[in-house]
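The points below may be read alongside the sequence and the model.

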Amino acid sequence: MISFTDSEAATALAERSRALMDEVVIPRERELAGGTAISDATVRDLRAAAREYDVYAPQIPEEHGGMGYDFRDVLPTFEEAGRSLLGPLAMRVDAPDEGNMHLLEMQGTDLQKSEYLDPLVEGEIQSGFAMTEPMQGAGSDPKMIRTTAQKEGDEWVIDGHKWWTTGGVDADILLVFARTDEDVHPYEGCSVFIVPADADGVDIVRNVPHMGSQGDPKGHAEIEFNGVRVPEEHLLGEEGNGFQHVQQRLGPARLTHCMRFSGMAERALSIAKAYTTERQAFGDSVADKQHVRFEIAEQETQIQAARALVRAAADAIAAGKEARVEVSMSKVFAARATQDAIDTAVQFCGGNGIGRDLPLADFYELVRTFRIVDGADEVHLRTIAREAFEDVDSDELEPVRRYRE
């Protein structure tokens, strides 16, 4: 396989992560019957093992309970974690907590970090990110946000309606994105708030039924905020800079999502290669059929390309760039590549692909959502196209004849 210019620290961390996955996490996954919910006790055991293997919360600064690795150096470990649905939970690199911890680390006050970031890293509490709203509210176009937060004395009063708040059903705290100034453009009039999930007026309406729910330990909550009051010190970051803060969270979070899913794709192809090698059909193993071999080769190539795109985007972020186009390219390409790889694995494993003895069915359902969550394909393609058409060179058409010219 192609080698990347990962640092020695990144490689060593990834090797320890792979050992944890191969020796602890994946064997524990195989003990669970298909469709079985992951217990809190299992999560605690896996996190203890991650600490023993020295791979727990590598992306978080040491002063807050993590290992202090640079963002670029943790990407290979995110991929290792993605090889099992239990991996991200074990290493504390699971969404949405991973992105929320990143936002709290960047924008939180010392008090906010002490009260919320540190216990979040330890796994003592859980969080949700409440940004998306039902129809006619914020979605692919976040400027359509309708949830508001009004200042009354030394408190903020939040009213609104959110859904697809990942982890919101069991969350202890919610990071809520709300409009704080309706007289200016939303890019300048939105803010982020830390809201305790048990605050008066927070109504967890339901866990939204969704594709892939059997393999999703987090769920996605629909939540109403009815006159929810939080003290002014629960404002996260600067008032009116919510969009900028959220972008700081979403860019890196999209890349870590890409790496987790590419790990899932790698595992799916590994299962498919093992199955087709053993499965006999029409005189020899399925793996000896040219179509199977070529299709696997195509998918391996696509996943390698996705890895390269993500690393390039991460390098751009590390260099201080916003890297919106690089992130959008990574997100679109990785989502499609991982979906194709997992679909191929399901197809080649036949009845075992759609059964629940193997993790492929869960992978298949979850990967389809990846082309919608963290920005739908079309939103990212819009970002890419906008830059692609910014500097059109009309001289390229100099030889072309025009009508009656």
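Leaving aside its neighbours within four places in sequence, with which residues is Arg 83 in contact?

1. The model is a predicted one. In it, Arg 83 is in contact with Arg 18, Met 21, Asp 22, Ile 26, Gly 263, Met 264, Glu 266, Arg 267 and Phe 363, its neighbours within four places in sequence being left aside.

2. Arg 83 is placed in the loop between helix H3 (71–81) and helix H4 (87–91). Its relative accessible area is 7%, under the 20% cut-off, and therefore Arg 83 counts as buried. The side chains of Arg 83 and Asp 22 are joined by a polar contact of 2.7 Å.

3. Helix H7 (residues 242–278) and helix H11 (residues 360–369) have axes that come within 11 Å and cross at roughly 145°; the crossing is left-handed. From H7, Phe 261, Met 264, Arg 267, Ala 268 and Ile 271 meet Leu 360, Phe 363, Leu 366 and Val 367 of H11. By class, this contact has eight nonpolar residues, no polar residues and one charged residue.

4. The largest nonpolar core has 80 residues, of which Phe 177 and Leu 360 touch the most other members. H7 gives the most to this core, with 14 residues. Apart from it lies another core, of 19 residues, including Ala 149 and Val 195.

5. Beyond four places in sequence, the contacts of Phe 177 include Ala 130, Met 131, Ile 145, Ser 191, Phe 243 and Val 246. Ser 191 lies 35 Å from Arg 83, C-alpha to C-alpha, and 108 residues from it in sequence.

Note on methods. Residues are numbered from 1 along each chain as its sequence is written. This is a predicted model: local features need pLDDT of at least 70, side-chain atom pairs count only at pLDDT 80 or more; totals for chains, interfaces and linings use all residues. Side-chain values use heavy atoms; hydrogens and water are left out. Axes are lines fitted to C-alpha atoms, for helices over the stretch in contact, and angles run from 0 to 180 degrees between N-to-C directions. Helices (H or I, at least four residues) and strands (E, at least two) are DSSP runs, numbered from the N terminus. A crossing is left-handed if the near helix is turned anticlockwise from the far one by less than a right angle, and right-handed if clockwise. Contact means heavy atoms within 4.5 Å. Ala, Val, Leu, Ile, Met, Phe, Trp, Tyr, Cys and Pro count as nonpolar, Asp, Glu, Lys and Arg as charged, and the others, Gly among them, as polar. Buried means under 20% relative accessible area, exposed over 50%, partly exposed in between (1.4 Å probe, protein chains only). A polar contact is a pair of N or O atoms within 3.5 Å; within protein, one must be able to donate a hydrogen and the other to accept it, and residues adjacent in sequence count only if both atoms are side-chain atoms. A nonpolar core is a set of buried Ala, Val, Leu, Ile, Met, Phe, Trp, Tyr and Cys residues joined through side-chain atoms within 4.5 Å.
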